[in-house]
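Look at the sequence and the structure below before reading on. This report goes through some loops, ring pairs, cores and helix contacts in turn.

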Amino acid sequence: MIFISKFLVPNGYTGIALFPFVFIKSKHFAKNRVLLNHERIHLRQQLELLVIPFYIFYVLEFAIRLFYYKSRKMAYKNISFEREAYQKECCLEYLDKRPIWAFLKYIRNNGISTSK
């Protein structure tokens, strides 16, 4: 289910997935299939990890990446969940064939950006 909320979506972002909902910043993003696919990938990840462990792992990985990169943006972009979602967001059929635990292959530092 998709909700519009400019208050729940952090500044600088257009959407956020909080199982089982997707919140988007404004109504015109409701037609953005790539954005919605990105957020649905996050919903699948959350479901696989039984929701609460997903958020714990997400925050932990962000903290580790922040320590490594010394940049919030770089840390965020290199979280394994985000790397999978960004790399597969344009493939609208991805969730139909996505293997379980697919985000695990994105944990290594060889993805979006490894430069500090």
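## A loop with a cis bond

Pro20 is located in the loop that runs between strand E2 (15-18) and E3. The model is a predicted one. The peptide bond leading from Phe19 to Pro20 is cis, and its omega is near 5°.

Leu18 belongs to strand E2. Leaving out residues up to four places away in sequence, Leu18 touches Phe23, Leu43, Gln46 and Tyr55. Phe67 is 49 residues from Leu18 along the chain, and the C-alpha atoms of these two residues are separated by 25 Å.

## Aromatic pairs

How many aromatic pairs are there? The count comes to 14 aromatic pairs. One of them joins Phe3 and Phe21, whose ring centres are 5.2 Å apart. The planes of these two rings are at 65°, so the pair is edge-to-face; the cut-off for that class is over 60 degrees. Phe3 lies in strand E1 (residues 2-4) and Phe21 in strand E3 (residues 21-24). The two residues are 18 residues apart, and their pair links distant parts of the chain. Phe3 is partly exposed, at a relative accessible area of 33%, and Phe21 is also partly exposed, at 31%.

Elsewhere, ring pairs join several residues into a cluster. Its members are Phe54, Tyr55, Phe57, Tyr58, Phe81, Trp101 and Phe103.

## Charges over rings

Which residue has its charged end over the ring of Phe67? That residue is Lys70, and the distance to the ring centre is 4.5 Å. Lys77 is placed over the face of Tyr86, 4.1 Å from the centre of the ring.

## Two nonpolar cores

The largest nonpolar core has nine residues in all. They are Leu49, Phe54, Tyr58, Phe62, Ala75, Tyr76, Ile79, Phe81 and Phe103. Helix H2 (52-69) and helix H3 (72-77) each supply at least two residues of this core. H2 gives the most, with three residues. A second, separate core has seven residues, including Val22, Ile24, Phe29 and Leu43.

Ala75 is a member of the largest core. When neighbours within four places in sequence are set aside, Ala75 is in contact with Phe62, Arg65, Leu66 and Tyr69.

Phe29, from the second core, is found in the loop between E3 and helix H1 (33-48). Is Phe29 buried or exposed? Phe29 counts as buried, because its relative accessibility is 17% and the cut-off for buried is under 20%. Not counting residues up to four places away in sequence, Phe29 touches Thr14, Ile24, Leu35 and Leu36. Phe29 and Thr14 are 15 residues apart in sequence, and in space they are 7.6 Å apart, C-alpha to C-alpha.

## How H2 and H4 meet

The axes of H2 and helix H4 (residues 80-88) are 9 Å apart, and the two helices pack at an angle of about 95°. H2 and H4 are therefore roughly perpendicular to each other, because that class covers angles from 65 to 115 degrees. Which residues of H2 meet H4? On the H2 side these are Phe54, Phe57, Tyr58, Glu61 and Arg65. On the H4 side they are Ser80, Phe81, Glu82 and Arg83.

In H4, the residues Ser80, Phe81, Glu82, Arg83, Glu84 and Ala85 are buried. The buried residues of H4 pack against H1, H2, H3 and helix H5 (94-97).

## The loop between H1 and H2

Leu50 is placed in the loop between H1 and H2, and Val51 is found in the loop between H1 and H2 as well. Phi of Leu50 is near 60°, and phi of Val51 is near 65°. Each is a positive value in a residue other than glycine.

What is the relative accessible area of Leu50? The value is 68%, so Leu50 is exposed. Val51 has a relative accessible area of 18% and is buried.

Definitions and conventions. Residues are numbered from 1 along each chain as its sequence is written. This is a predicted model: local features need pLDDT of at least 70, side-chain atom pairs count only at pLDDT 80 or more; totals for chains, interfaces and linings use all residues. Side-chain values use heavy atoms; hydrogens and water are left out. Rings of Phe, Tyr and Trp (its six-membered ring) pair if their centres lie within 6.5 Å; planes under 30 degrees apart count as stacked, over 60 as edge-to-face and the rest as tilted. Helices (H or I, at least four residues) and strands (E, at least two) are DSSP runs, numbered from the N terminus. Buried means under 20% relative accessible area, exposed over 50%, partly exposed in between (1.4 Å probe, protein chains only). A charge sits over a ring if NZ of Lys or CZ of Arg is within 6 Å of the ring centre and within 35 degrees of the ring normal. A nonpolar core is a set of buried Ala, Val, Leu, Ile, Met, Phe, Trp, Tyr and Cys residues joined through side-chain atoms within 4.5 Å. Contact means heavy atoms within 4.5 Å. Axes are lines fitted to C-alpha atoms, for helices over the stretch in contact, and angles run from 0 to 180 degrees between N-to-C directions. Angles under 35 degrees count as roughly parallel, over 145 as roughly antiparallel, 65 to 115 as roughly perpendicular and the rest as oblique.
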